Amino acid sequence: MELIQQGAEARLYRSTFCGKSVIVKERFPKTYRHETLDTILTHRRTNQEVRSLLRCRKAGIACPAVFFIDYEKHRIYLEEIVESETLRDAFCRLGNGEESKRLARLIGGTLAAMHDADIIHGDLTTSNMLLRRKSESNDQEQIFLIDFGLSSVSAVAEDKGVDLYVLERAFLSSHPNSEAVFREVLLAYRSALKSAKAVMDKLEEVRMRGRKRSMLG
């Protein structure tokens, strides 16, 4: 296996499984936690990630397929989304013009579908979204959601509002002067989700709490 990324929670490898190109996500032991507790938490986190991925695919949301789970080594074997780039890279390349606004609307629609299925991603950033454009081998442009390691299931509007707030903070910090682009995310989200008003009200409440914390230091 080829190591391609090392994070705080897991390592990502590129490999093959039954003749298919895969990404292997391996959660490694946390030495600061009791061994038994670490095993329980890692197992639970792995299960939740797989459940969220399966729930997304059942709802028609583009995300990697799960091929295999190795509970002994805490590994998930995932479909590799070939011919794709992160939306972080796409926005950095495109700037804040009309093409970025179009992609932002695609993001808004995708997140509305995810929240309509009561899936909370928990770590929304443009690095956790992949863009696969139309090509000879792909008949449609798609945004894939990845890295559901902090995901959960919830119908609560505030949880969905927090999900959007996390993305907003990450988006504006990663892509300077992109407020107009991010507005397109929220506009598309509002138009695609019936319960969007309750979520947007909670988003504003979360923003207010964030501003108060910033003022108080």
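I began with Leu-87, which touches Leu-103, Ile-107, Thr-126, Met-129, Leu-131 and Ile-143 when residues up to four places away in sequence are not counted; contact here means heavy atoms within 4.5 Å. The model is predicted, so I note that local features need pLDDT of at least 70 and side-chain atom pairs count only at pLDDT 80 or more, while totals for chains, interfaces and linings use all residues. Residues are numbered from 1 along each chain as its sequence is written, and side-chain values use heavy atoms, with hydrogens and water left out.

Core entry. The core has 39 residues, and Leu-87, Ile-107, Leu-111, Met-114, Met-129 and Tyr-189 touch the most other members. Helix H3 (residues 98–116) gives the largest share of this core, six residues. I also noted a second, separate core of five residues, among them Ala-62, Ile-81, Leu-130 and Ile-146. Helices are DSSP runs of H or I with at least four residues, numbered from the N terminus.

H3 and H5 entry. I found H3 and helix H5 (residues 179–192) packed at an angle of about 40 degrees, with their axes 7 Å apart. Axes are lines fitted to C-alpha atoms over the stretch in contact, and angles run from 0 to 180 degrees between N-to-C directions. H3 is therefore oblique to H5; angles under 35 degrees count as roughly parallel, over 145 as roughly antiparallel, 65 to 115 as roughly perpendicular and the rest as oblique. I recorded the crossing of H3 and H5 as right-handed, that is, the near helix is turned clockwise from the far one by less than a right angle. Residues of this contact include Ala-104, Ile-107, Gly-108 and Leu-111 of H3 and Val-181, Val-185, Ala-188 and Tyr-189 of H5.

Leu-186 entry. Leu-186 lies in helix H5 and counts as buried because its relative accessibility is 6%, buried being under 20% relative accessible area with a 1.4 Å probe, protein chains only. Leaving aside neighbours within four places in sequence, I list Leu-164, Met-200, Leu-203 and Arg-207 as contacts of Leu-186. The C-alpha atoms of Leu-186 and Leu-111 are separated by 9.6 Å, although 75 residues apart along the chain.

H3 and H4 entry. H3 and helix H4 (residues 157–174) pack at an angle of about 150 degrees, with axes 11 Å apart. H3 is therefore roughly antiparallel to H4.

Technical notes
A nonpolar core is a set of buried Ala, Val, Leu, Ile, Met, Phe, Trp, Tyr and Cys residues joined through side-chain atoms within 4.5 Å. Buried means under 20% relative accessible area, exposed over 50%, partly exposed in between (1.4 Å probe, protein chains only). Helices (H or I, at least four residues) and strands (E, at least two) are DSSP runs, numbered from the N terminus.
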